[in-house]
Amino acid sequence: MSPTLFHACLFYPVFILIGAQNSFTAVDSGWYRFTFPASALLLMVYSLVVLRASNHRQRMLFLVGMLVCAFGENLCVHALDLYHFAGALAPAYSIPPYVVLGHGYTIWTALILSEKSAERFGARRSLSTLWAAIAVVTAARVLLNRDYPGIIWLSFFLIPYFLSPRREDKLLLATTYLLATGLESLGVGIKAWDWHASTYYYQSARFPLHSPPAAVGGFYALADWITLQLLRRFNLEAER
């Protein structure tokens, strides 16, 4: 197993560890003042290890993905007031450093998994499998949670997916969608963050509410698509 694949396979365990240290439970217990800086330092050191094991394109995707996340998180938290993180229970909500680093790690992991999948099974077969998984996971989340308006978030995945001419980009976006859907479910499950029912769906009480939205992975796919466009716009993919 290559070092990059090894670190990609640690994605969920790393986030469970970091998320638990930044959860509402940690805040209520009083340990948050210690676990917050410890988790930030741990993830920063681990990110350096991941970057050192990466090639140029993988590093740039990680770093530019962090910049896109920093903008997107501020937009969603402060401008749209969609969700908040543990440790910031009242406006103005803060965004913990692990969130920005985490988005870089997320797109990096999706890239590694999509590359390895294409090498092992071929891009066409991998895409077919991912589409089947996306359909099953999204349908299950919509039906089980009765989160029918949550399907709207799927558009954030479909639009950039069909705008992407390269098959490797499509594979990355599809991998991101599934990876991030699992991440959001874990994050809410361990109480690291929560979506605002009062602002979700534009404060409409006519729809059932769920945290996170059923197709929340689409939002991450959109961020990854923007990251790819920035890499190519500024010619950052090729090592100089």
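Select cysteine 76 and show its sulfur: the closest cysteine sulfur belongs to cysteine 69 and sits 9.4 Å away, too far for a bond. A disulfide here means a pair of cysteine sulfur atoms within 2.5 Å. The structure holds 0 disulfides.

A word on ground rules: this is a predicted model, where local features need pLDDT of at least 70 and side-chain atom pairs count only at pLDDT 80 or more, while totals for chains, interfaces and linings use all residues. Residues are numbered from 1 along each chain as its sequence is written, and side-chain values use heavy atoms, with hydrogens and water left out.

Stay on cysteine 76 and colour its helix, H5, which covers residues 56-79. Helices are DSSP runs of H or I with at least four residues, numbered from the N terminus. Is cysteine 76 buried or exposed? With a relative accessible area of 1%, cysteine 76 is buried; the cut-offs are under 20% for buried, over 50% for exposed and partly exposed in between, using a 1.4 Å probe and protein chains only. Now bring up what touches cysteine 76: setting aside neighbours within four places in sequence, you'll find Asp81, Leu82, Tyr83 and Phe219. Contact means heavy atoms within 4.5 Å.

Hop over to cysteine 69, which is buried too, at 4% relative accessibility.

Next, pick threonine 138, in helix H7 (residues 123-145). Threonine 138 counts as buried because its relative accessibility is 4%. Which residues does threonine 138 contact, neighbours within four places in sequence aside? Look for Ile151, Tyr177 and Ala215.

Tyr177 also takes part in the next stop, the contact of H8 with H9. Select helix H8 (residues 155-163) and helix H9 (residues 167-189): they pack at an angle of about 165°, their axes 9 Å apart. That angle makes H8 roughly antiparallel to H9, a label for angles over 145 degrees. Axes are lines fitted to C-alpha atoms over the stretch in contact, and angles run from 0 to 180 degrees between N-to-C directions.

Show the side chains in the contact: H8 brings Phe157, Pro160, Tyr161 and Phe162, and H9 brings Lys170, Leu173, Ala174 and Tyr177. By class, they divide into 7 nonpolar, no polar and 1 charged; Ala, Val, Leu, Ile, Met, Phe, Trp, Tyr, Cys and Pro count as nonpolar, Asp, Glu, Lys and Arg as charged, and the others, Gly among them, as polar.

Notes: Helices (H or I, at least four residues) and strands (E, at least two) are DSSP runs, numbered from the N terminus. Angles under 35 degrees count as roughly parallel, over 145 as roughly antiparallel, 65 to 115 as roughly perpendicular and the rest as oblique.
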